[in-house]
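The sequence and the model come first, and the main features follow, grouped by topic.

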Amino acid sequence: MKDCIFCKIIAGEIPSRKIYEDELVYAFMDIGPINFGHTLVIPKEHHASSSTIPETTAGRMFRVGARIGVAQKRALDADAFNLHLADGACAGQVVMHAHLHVVPRSADDSFHWNWRQLKYETPAAADEAAEKLRAALKLHPDR
Ligand code: 5GP
Ligand code: ZN
């Protein structure tokens with residue numbers, strides 16, 4: 001897609017440090033890494049949202065991401081890795097070509113996800129949210 005920086009990276013119009021490529025996905029080093037070795041896995045076909053990526057490609061992204069995570073442990077002395085995907089601006093997505101972050105982690109990297117654990121006010125409130133989700137999945141079985 002015109003004006004998409006990740007489509008330009010796939011086309012070779014913007015340089016990148018390629019880690020892996022096949023017919024469906026392309027993986028390259030993130031220019032502003034959380035930790036050194038942070039890699040992005042993207043579908044070759046342009047999709048702004050992860051929800052429209054065909055299942056085979058989405059599965060390949062996850063598989064390649066996990067393999068790169070293992071390579072980060074082997075090659076970069078990482079102890080672990082995070083797979084992270086931001087879908088939508090308020091989830092933190094800045095580049096609107098879907099991408100899976102593969103972030104190498106070590107015990108002393110002093111990086112912390114700003115994670116919180118809320119509590120449903122009542123069990124019924126949790127049941128209601130679950131029922132809404134199940135209904136929404138049934139209404140749109142493909143997405
Ligand atoms: P997002 O916040 O959308 O999940 O992540 C976008 C990521 O793309 C960021 O981590 C950012 O560092 C990376 N990025 C943005 N522009 C470029 C670029 O031109 N080249 C590379 N290699 N990474 C980029
Ligand atoms: Zn694109």
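A contact means heavy atoms within 4.5 Å. This is a predicted model, in which local features need pLDDT of at least 70 and side-chain atom pairs count only at pLDDT 80 or more, while totals for chains, interfaces and linings use all residues; side-chain values use heavy atoms, with hydrogens and water left out. Residues are numbered from 1 along each chain as its sequence is written, chains are lettered from A, and ligands are numbered from 1 in the order in which they are written.

**Overall architecture**

- The chain contains three helices and five strands; helices (H or I, at least four residues) and strands (E, at least two) are DSSP runs, numbered from the N terminus.
- Along the sequence these elements follow the pattern α-β-β-β-α-β-β-α.
- Taken along the principal axes, the box filled by the C-alpha atoms of the chain is roughly 50 × 40 × 25 Å.
- Of the contacts in the chain between residues at least 6 apart in sequence, 53% join residues at least 24 apart.

**Surface and charge**

- Of the 143 residues in the chain, 30% are buried; buried means under 20% relative accessible area, exposed over 50%, and partly exposed in between (1.4 Å probe, protein chains only).
- The chain exposes about 10000 Å², and carbon and sulfur atoms supply 57% of that area; accessible areas come from the Shrake-Rupley method with a 1.4 Å probe, and for residues only the protein chains shown count as cover.
- The chain has 17 positive and 18 negative charges, whose mean positions are 2 Å apart.
- For this count, Lys and Arg are positive and Asp and Glu negative, with His and the chain ends not counted; the place of a charge is NZ of Lys, CZ of Arg, CG of Asp or CD of Glu.

- Cys7 in helix 1 (residues 5-10) and His97 in the loop between strand 4 (80-84) and strand 5 (100-105) link distant parts of the chain, being 90 residues apart.
- Cys7 and His97 are both buried.

- Met96 belongs to the loop between strand 4 and strand 5 and is partly exposed, with a relative accessible area of 37%.
- Not counting residues up to four places away in sequence, Met96 touches His46, His47, Ala48 and Ala89.
- The C-alpha atoms of Met96 and Ser49 are separated by 7.4 Å, although these residues are 47 apart along the chain.
- Ile14, in the loop between helix 1 and strand 1 (18-21), is partly exposed at 28% relative accessible area.
- With residues up to four places away in sequence not counted, Ile14 touches Ile5, Lys8 and Ile9.

**Positive phi values**

- Asp3, in the segment before helix 1, has a positive phi near 70° although the residue is not glycine.
- Asp3 counts as exposed because its relative accessibility is 60%.
- Asp77, in the loop between helix 2 (55-76) and strand 4, has a positive phi near 65° and is likewise a residue other than glycine.
- Asp77 counts as exposed because its relative accessibility is 68%.
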